[in-house]
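Let's take a walk through this fold together. Have the sequence and the 3D view ready.

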Amino acid sequence: MRILITGVCGQDGYYLSRQLAEEGHDVYGLVHRQKVQELPYGRIVRGDLADTSSIFNAVEQVKPHEIYNMGAVCHVQYSYQHPELTLDINGTGLVRILEAVKRFTPSAKVYQASTSELFGPGTPPFDEDSPMNPVSPYAIAKHNAHQIARIYRKMGIWVSCGILFNHVSPLSGTEFIMNKLIKSAYGVQSGEIAAVPIGNLTAKRDFGCAPEYCDGIIRIMRHTEPLDLVLSTGVSVSIAELAAFIFDRFDLQFEEWAYLDEDLVRPVDIPELRGDSTKAVSLIGWKHYKLWDEIAVDLIEAFYGEYVNTLGGYRCRSFC
């Protein structure tokens, strides 16, 4: 089976390409950065989600049986600084893919990477039937794509949406909070930094393990019919509690090193994002294994294991 993955150089793109290649599929990754000359798993196809002709050319060239649209402007704070780009890549990018599918390979199955940010400041836990109230350029763009996917589904295109809550790995960038806190704690311990800027500490998030969630994405695509599914752990933690836990692993008190940086506070923030994956468990047999605390310990071990003598009784299983 021929598979095309956008965003193949990102965290989820990497884990998807690896699992699908190991299953024996012919994997192609859409790449627009010329400096990328090869992929760990699969072959490069040049293209840009902001360029219609390149997307058409990529789909016509590969004629994929499956497309995983993981490419996106992926950081909420960045989307406030670049709203037009975000709306184009995260929203209209999917339209370009679906139009290419209609023209060149109408029987292909498409996966759209939706996000828990779609729900906005509602009442958790959120499931597939929860109201959506996006409150950032990132979330609005993803909501546009989510609704477009539903429209094209009614037009006969096989397109599913995975509404994934926060999921991390060693491949997550340090602009994402869990990896940022781990890097900051090590920086304090090693003397490289003297203070840690932080934004909203009261926000609560539902953190999962990226490889587990990518397995869920593939399960969504293997379902008998297209659908929307939430993938989450159902457990949330405040940023303050997460920070204290991580710094404690380095024998540090987070409060002694942190200060509020107003530039890191979002114009509109969501108090809590916590999901309900009951439907995914029953329909595709997916389940998570790790919660936020074990994931944090695994990340510390992956990055700085030699600097951490005790992990508070938590058993580490490194990320694959």
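What do the buried residues of α8 pack against? They pack against α6 (177-190), β8 (196-198), β12 (237-238) and α10 (292-304), with contact meaning heavy atoms within 4.5 Å. Those names come from DSSP runs numbered from the N terminus: helices are H or I runs of at least four residues, and strands are E runs of at least two.

Before going on, keep in mind that this is a predicted model, where local features need pLDDT of at least 70 and side-chain atom pairs count only at pLDDT 80 or more, while totals for chains, interfaces and linings use all residues. Residues are numbered from 1 along each chain as its sequence is written, and side-chain values use heavy atoms, with hydrogens and water left out.

Back to helix α8 (residues 239-249): its buried residues are Ile-239, Leu-242, Ala-243, Phe-245, Ile-246, Phe-247 and Arg-249. Buried here means under 20% relative accessible area, exposed is over 50%, and partly exposed lies in between (1.4 Å probe, protein chains only). Just after α8, look for Asp-251, which takes a positive phi of about 60°.

The axes of α6 and α10 come within 10 Å and cross at roughly 50°. That makes α6 oblique to α10, because angles under 35 degrees count as roughly parallel, over 145 as roughly antiparallel, 65 to 115 as roughly perpendicular and the rest as oblique. Axes are lines fitted to C-alpha atoms, for helices over the stretch in contact, and angles run from 0 to 180 degrees between N-to-C directions. On the α6 side, Met-178, Asn-179, Ile-182, Lys-183 and Tyr-186 take part, and among the residues they meet in α10 are Trp-292 and Phe-303.

Now for the sheet. It is an open one, with 7 strands in the order β3-β2-β1-β4-β5-β6-β11 and parallel pairing; two strands pair if DSSP finds at least two bridges between them. The edge strands, β3 (43-46) and β11 (228-231), each pair on one side only.

Find β4 in that order. β1 runs parallel to β4, joined to it by 4 bridges, and Thr-6 has Asn-69 in β4 as its bridge partner. β4 also pairs in the parallel sense with strand β5 (residues 109-115), again over 4 bridges, and there Tyr-68 is partnered with Tyr-111. Glu-66 and Tyr-68 point one way from β4, Ile-67 and Asn-69 point the other way, and all are buried.
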